[in-house]
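Please read the points below alongside the sequence and the model.

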Amino acid sequence: MKALITGATKGIGKAIAIKLCKEGYDLVLVARNQNELEKFRDELSNFGRTIFIYAADCAVKQQVYELLNTIENEIGFIDVLVNNVGAFMPGSLFDEDDETFEMQQQINVNAGYYISKLIGKKMRVAQRGHIFNICSVASNAPVKNGGSYSVTKAAMLSLNHVLRQELAPHNVKVTAFLPGSTKTSSWDGTTIPDEKFVQPEDIAEILFTILNLSKGVNVDEVLITPLDF
């Protein structure tokens, strides 16, 4: 079994990669920084799984398609896709530069669209597979000082719904995660105690549980938020 994870060297993506590797999955890890990918691959080497790494900026369509070509020609079938890569650029929608929205659109929506199309087509033919889209509570309601982020995360949830609708007749599962405040690098420097946050490992544990549910069930959405933030 192979799992492809974008944004794999930090936060939620890293926790998911560790969990799946421990449970016997071979991994395709995607992130921008080659050195971080190599270091993470070394960390995972004790589990005895095959680890492919690929450095790509998911904001750049050409680099995403180069990744997809590599997968198609060298790596083969992907059983589990985790569209985790994301960007949060805070600010008022009315006061930001257009590029702020465009960058988040490219990373938060477009990359998942391109990757899901190729991987989803392969899953459709094989009549198996599972796609996970790491969305946000902002997918359902705008977060303060995160206008463009909220718009793009809402679009990502809509993409998730379309993928699920089109792939369900082919026995391919699609699940959205909508986490609230999660202790990732975006919270570096905060004085809020760790226990106030959702932990990336919580998401990884739930994802693995979903992968092991019966064949005929699909978990459409997982809303996971801090108890008392």
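1. Helix α5 covers residues 147–167, and because 21 residues at 1.5 Å a residue should span 30 Å, the 30 Å between its end C-alpha atoms agrees with expectation. The expected span is 1.5 Å times one less than the number of residues. Helices (H or I, at least four residues) and strands (E, at least two) are DSSP runs, numbered from the N terminus.

2. The model is predicted: local features need pLDDT of at least 70 and side-chain atom pairs pLDDT 80 or more, while totals for chains, interfaces and linings use all residues. Residues are numbered from 1 along each chain as its sequence is written, and side-chain values use heavy atoms, without hydrogens and water.

3. Glu96 lies in the loop between β4 and α4. Glu96 is buried but has no salt bridge, that is, a side-chain nitrogen of Lys or Arg within 4 Å of a carboxyl oxygen of Asp or Glu. The nearest side chain of opposite charge, Lys153, is 15 Å away. Leaving aside neighbours within four places in sequence, Glu96 is in contact (heavy atoms within 4.5 Å) with Phe101 and Ser148.

Terms used
Buried < 20%, exposed > 50% of the residue type's maximum accessible area, 1.4 Å probe, protein only. Lys, Arg positive; Asp, Glu negative; His and termini not counted.
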